[in-house]
Amino acid sequence: RTFKKAINRVIESYLEETKDLDVIPYIVHAQNEQTRDYVVKRLKAEDASIESILSIPLTPAVGAHGGPGAVGLGYIEKSAL
């Protein structure tokens, strides 16, 4: 798989998993603004209910393990807050 195909699969998995949930989406990344912007654009295009997506830079310790350009996509269920 290419990096872009992997990112697209992550987005598809996210959309499948959150389909009927009320969530706060977030992206964590290691200085990878280009991919972050792509993910935000795709998510908003696929799900009109998404108003904003938190963008969180990875800490140096976690970034060292994930490597430069690492990207993660997650969510917090609002009912869990």
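In the predicted model described here, Tyr 14 is buried, with a relative accessible area of 6%. A search of the whole structure for aromatic pairs finds one, and this pair is formed by Tyr 14 and Tyr 75 in an edge-to-face arrangement, with 6.0 Å from centre to centre and 70° between the planes. The pair links distant parts of the chain, since Tyr 14 belongs to helix α1 and Tyr 75 to strand β3, 61 residues apart.

Helix α1 comprises residues 3-17, that is 15 residues, and it reaches 21 Å from its first C-alpha to its last, close to the 21 Å expected at 1.5 Å a residue. Within α1, the buried residues are Ile 7, Asn 8, Ile 11, Tyr 14 and Leu 15. When the helix is seen down its axis, these buried residues fall within an arc of 120°, so they line one face of α1. The face of α1 that is turned away from the buried side carries the exposed residues Lys 5, Glu 16 and Glu 17. The buried residues of α1 are covered by elements that include β1 (23-29), α2 and β3 (71-77).

Thr 35 is placed in helix α2, which spans residues 33-46, and Thr 35 is counted as buried because its relative accessible area, 11%, is under 20%. Leaving aside neighbours within four places in sequence, Thr 35 is in contact with Phe 3, Ile 7 and Val 71. Leu 43 also lies in helix α2, and it is buried, with a relative accessible area of 0%. When residues up to four places away in sequence are not counted, Leu 43 touches Ile 11, Tyr 14, Leu 15, Ile 50, Ile 53 and Leu 73. Along the chain, Leu 43 and Glu 33 are ten residues apart, and their C-alpha atoms are separated by 15 Å.

Strand β1 is mostly covered, with five of its seven residues buried. On the one hand, β1 pairs with strand β2 (residues 54-57) in the parallel sense over four bridges; on the other hand, β1 pairs with β3 in the antiparallel sense over seven bridges. Individual residues illustrate both pairings: Val 28 has Ile 56 as its bridge partner in β2, and Ile 27 stands opposite Ser 55, also in β2, while Tyr 26 stands opposite Gly 74 in β3. As for the path between the parallel strands, β1 and β2 pair in the parallel sense, and the chain crosses from β1 through α2 to β2 in a β-α-β crossover that is right-handed.

Finally, the segment after β3 contains Ala 80. Ala 80 counts as exposed because its relative accessibility of 63% is over 50%. Although Ala 80 and Val 23 are 57 residues apart in sequence, the distance between them in space is 9.5 Å, C-alpha to C-alpha.

Methods:
Residues numbered from 1 in each chain as written. Predicted model: local features only at pLDDT ≥ 70, side-chain atom pairs only at ≥ 80, totals over all residues. Heavy atoms only, no water. Helix = DSSP H or I, 4+ residues; strand = E, 2+ residues; numbered from the N terminus. Buried < 20%, exposed > 50% of the residue type's maximum accessible area, 1.4 Å probe, protein only. Contact = heavy atoms within 4.5 Å. Expected span 1.5 Å × (residues − 1). Arc of directions from axis to C-beta. Phe/Tyr/Trp six-rings, centres within 6.5 Å; stacked < 30°, edge-to-face > 60°. Pairing = 2+ DSSP bridges. Right-handed = clockwise from strand over helix to strand, strands pointing away.
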